[in-house]
Amino acid sequence: MAFGIEGSATLAGRPLFRDLDLQLAPGWTCLLGPSGAGKSTILRLLAGLPTAARFEGRISAPPRIAWMAQQDLLQERANLLGNVLIGQRLSGAPLDEGRARALLAAVGLEGLEARRPASLSGGQRQRVALARALMEEAPLALLDEPFSALDPATRRRMQDLACARLAGTAVLMVTHDPLEALRLGDRVWLLEEGRLRPVSLPDGPVPRPLPALAAEAEALMARLAA
Ligand SMILES: Nc1ncnc2c1ncn2[C@@H]1O[C@H](COP(=O)(O)OP(=O)(O)OP(=O)(O)O)[C@@H](O)[C@H]1O
């Protein structure tokens, strides 16, 4: 099933983006672009969350979405297991504690289930937020810089994990990392000056091997810096 957003947005009377047409099929769509271009606004619009922008157009999204914001939005009063289970608790679904524990183990936090978020590092907190998003099993996943707080080796492992667990899901990921977009993207877009510009991709299934991507990453970094 395809989801998407079509339309234009203004911010304090000025155009933020115009005639946007972003369709989200199963697989990874990656969104790059300079700070303030409107990437998080697009994610929030798709999630049905309030934004500072005025939007006119059409949004197609399923009722249930896996959502990972730039801030981890962990519940400080709940332990890690409680945080991963929060979607099920809020929706009144039966709690699948076994799956939540398995996801915490998969993100490398086995044995920390009873800890509170305040006792974790930034990277550990981000991995709890990832486990919570993966717990959702929603048809659309909206991920805003989901790996930004991780060291390179952990980042790569978490990218592989997310890729495997979100197979068949329509994923929209905002990232500032060209290599990450090239590694994971089935489709990659650059949002600049209010327009979406396509990025051409090397052949092959995602996640792509890194050595093959060095030249493309260099070229894309140059476009971002322009
Ligand atoms: N709560 C808010 N109130 C007023 N303006 C806002 C608010 N949130 C975002 N904006 C403005 O909306 C514009 C788009 O912001 P958005 O967060 O979508 O950009 P972004 O591309 O995701 O940026 P970044 O890469 O820095 O996260 C920016 O000019 C920003 O200053």
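Trainee: Which residue follows α1, and what is the value of its phi?
Mentor: This is a predicted model, so the angles discussed here are computed from predicted coordinates. The residue that follows α1 is G48. The phi of G48 is positive, near 75 degrees.

Trainee: Is α1 largely enclosed or left open by the rest of the structure, and how many of its residues are buried?
Mentor: A residue counts as buried if 20 or more other C-beta atoms lie within 10 Å of its own. In α1, the residues that are buried are K39, T41, I42, L43, R44, L45 and L46. The helix is therefore largely enclosed by the rest of the structure, the buried count being 7 of the 9 residues.

Trainee: Which element gives the most residues to the shell around the ligand?
Mentor: The residues around the ligand are L11, G33, S35, G36, A37, G38, K39, S40, T41 and A52. By class, this shell has 3 nonpolar, 6 polar and 1 charged residues. The element that gives the most, with 3 residues, is α1.

Trainee: How many bridges join β1 to β2?
Mentor: Strand β1 (residues 3-11) and strand β2 (residues 14-24) run antiparallel, and E6 stands opposite D21 in β2. The two strands form a hairpin with 2 residues between them, and A12 in the turn has a positive phi of about 50 degrees. The number of bridges that join β1 to β2 is 8.

Trainee: Over how many bridges do β1 and β4 pair?
Mentor: The pairing of β1 with β4 is in the antiparallel sense. Within it, G4 stands opposite S60 in β4. The number of bridges is 7.

Trainee: Which strands stand at the edges of the open sheet of 6 strands?
Mentor: The order of this sheet is β5-β6-β7-β3-β8-β9, with mixed pairing. Each edge strand has a single partner strand, so one side of each is left without a neighbour in the sheet. Those edge strands are β5 and β9.

Trainee: In β7, which residue is the bridge partner of L140?
Mentor: Strand β6 (residues 140-144) pairs with strand β7 (residues 170-174) in the parallel sense, over 5 bridges. The bridge partner of L140 in β7 is A170.

Trainee: Into which classes do the residues of the contact of α5 with α6 divide?
Mentor: Helix α5 contributes G123, R127, L130 and L134, whereas α6 contributes T154, M158, A162 and R165. The residues of this contact divide into 4 nonpolar, 2 polar and 2 charged.

Trainee: What distance separates the C-alpha atoms of G122 and A149?
Mentor: G122 is in helix α5. It is exposed, with 11 other C-beta atoms within 10 Å. G122 and A149 are 27 residues apart along the chain, and their C-alpha atoms are separated by 6.3 Å.

Trainee: Is L73 exposed, partly exposed or buried?
Mentor: L73 lies in the loop between β5 (65-68) and α2 (80-84), and it has a positive phi of about 50 degrees although it is not a glycine. With 14 C-beta neighbours inside 10 Å, L73 counts as partly exposed.

Trainee: Is E193 buried or exposed?
Mentor: E193 is in the loop between β8 (187-192) and β9, and its phi is positive, near 50 degrees. Because 11 other C-beta atoms lie within 10 Å, E193 is exposed.

Trainee: What is the omega of the peptide bond from V206 to P207?
Mentor: P207 lies in the loop between β9 (195-199) and α8 (214-225). The peptide bond from V206 to P207 is cis, with omega near -5 degrees.

How values were computed: Residues are numbered from 1 along each chain as its sequence is written. This is a predicted model: local features need pLDDT of at least 70, side-chain atom pairs count only at pLDDT 80 or more; totals for chains, interfaces and linings use all residues. Two residues are in contact if their C-beta atoms, placed from the backbone, lie within 7 Å. Helices (H or I, at least four residues) and strands (E, at least two) are DSSP runs, numbered from the N terminus. Ala, Val, Leu, Ile, Met, Phe, Trp, Tyr, Cys and Pro count as nonpolar, Asp, Glu, Lys and Arg as charged, and the others, Gly among them, as polar. A residue is buried if 20 or more other C-beta atoms lie within 10 Å of its own, exposed if 12 or fewer, and partly exposed in between; C-beta atoms are placed from the backbone. Two strands pair if DSSP finds at least two bridges between them. A residue is near a molecule or strand if its C-beta atom, placed from the backbone, lies within 6 Å of it.
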